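Have a look at the model first, then read on.

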Amino acid sequence: MDRHPRGAVPSFSKRLSIARCRLVRASGSGVRVVIRPSLRCCVLHPKNPFAPTLHFNYRYFETDAPKDAPGAPREWWFGGGTDFTPAYIFEEDVKHFHRHRGERRGLGGIFFDDLNDYDQEMLLAFSTECAKSVVPAYLPIIERRKDTPFTEKNKAWQQLRRGRYVEFNLVV
């Protein structure tokens with residue numbers, strides 16, 4: 001399981017935020033930028049190799065500077081996404097896959113970042129709706145696959161796919 005200490009920011013989100021704040025600093029303000037994240041991130045690796053891995057994260061960031069800094073930069077943005085990564089493909093579960101290294105990567109899902117060009121409340125509602133759709137989309141697939149009999153060979157393939165998941169999603 002992908003675990004982060006309470007309050008820690010996953011490395012991919014941290015890199016995006018640091019890059020954004022460097023751009024703010026490069027704009028000439030010279031002010032130290034503080035990042036305040038709020039996020040939910042989860043990776044589920046089911047025991048059964050016939051049930052797909054689920055990854056989702058939804059996040060909100062604000063930047064701020066010390067209160068005494070005139071013209072302190074203040075920005076905010078939303079990001080997030082959800083995808084399924086099956087070790088075994090079932091047409092009824094999945095219709096479209098991305099490919100990498102000539103392999104199926106995962107269900108097309110939804111991912112977005114740097115969303116701040118609309119009303120903040122509207123974007124919060126959009127992100128919230130996306131997050132609330134994760135469980136209803138995932139549970140029917142888990143219910144279909146969780147009791148499927150599997151062999152050690154199936155389990156070994158699942159473990160290989162989990163390693164590739166790290167390559168596809170976490171390593172830059």
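## Surface and burial

Accessible areas here come from the Shrake-Rupley method with a 1.4 Å probe, and for residues only the protein chains shown count as cover. On that basis, the protein exposes about 10,700 Å², with carbon and sulfur atoms supplying 56% of that area. Of its 172 residues, 38% are buried; buried means under 20% relative accessible area, exposed means over 50%, and partly exposed is in between (1.4 Å probe, protein chains only).

A word on the source: this is a predicted model, where local features need pLDDT of at least 70, side-chain atom pairs count only at pLDDT 80 or more, and totals for chains, interfaces and linings use all residues. Residues are numbered from 1 along each chain as its sequence is written, and side-chain values use heavy atoms, with hydrogens and water left out.

## Overall layout

You'll find four helices and six strands, running α-β-β-β-β-β-β-α-α-α along the sequence. These are DSSP runs numbered from the N terminus: helices are H or I with at least four residues, strands are E with at least two.

## The core

A nonpolar core is a set of buried Ala, Val, Leu, Ile, Met, Phe, Trp, Tyr and Cys residues joined through side-chain atoms within 4.5 Å. The largest one here has 15 residues, and Leu54, Phe56, Tyr58, Phe78 and Phe112 have the most contacts inside it. At least two residues each come from β2 (53–64), β3 (76–85), β6 (110–115), α2 (120–132) and α3 (134–145). Strand β2 gives the largest share, four residues.

Zoom in on Leu54: leaving aside residues up to four places away in sequence, Leu54 touches Cys42, Val43, Leu44, Thr82, Asp83, Phe84, Val134 and Tyr138.

## Salt bridges

How many salt bridges does a search of the whole structure find? Two, counting a side-chain nitrogen of Lys or Arg within 4 Å of a carboxyl oxygen of Asp or Glu.

One pairs Asp113 with Arg59 at 3.5 Å, N to O. Asp113 sits in strand β6 and Arg59 in strand β2, so this pair ties together parts 54 residues apart in sequence. Arg59 is buried, at 8% relative accessible area, while Asp113 is partly exposed at 27%.

The other links Lys146 and Asp147, with the closest N and O atoms 3.6 Å apart. Lys146 is partly exposed at 39%, and Asp147 is exposed at 62%.

Note on methods. Contact means heavy atoms within 4.5 Å.
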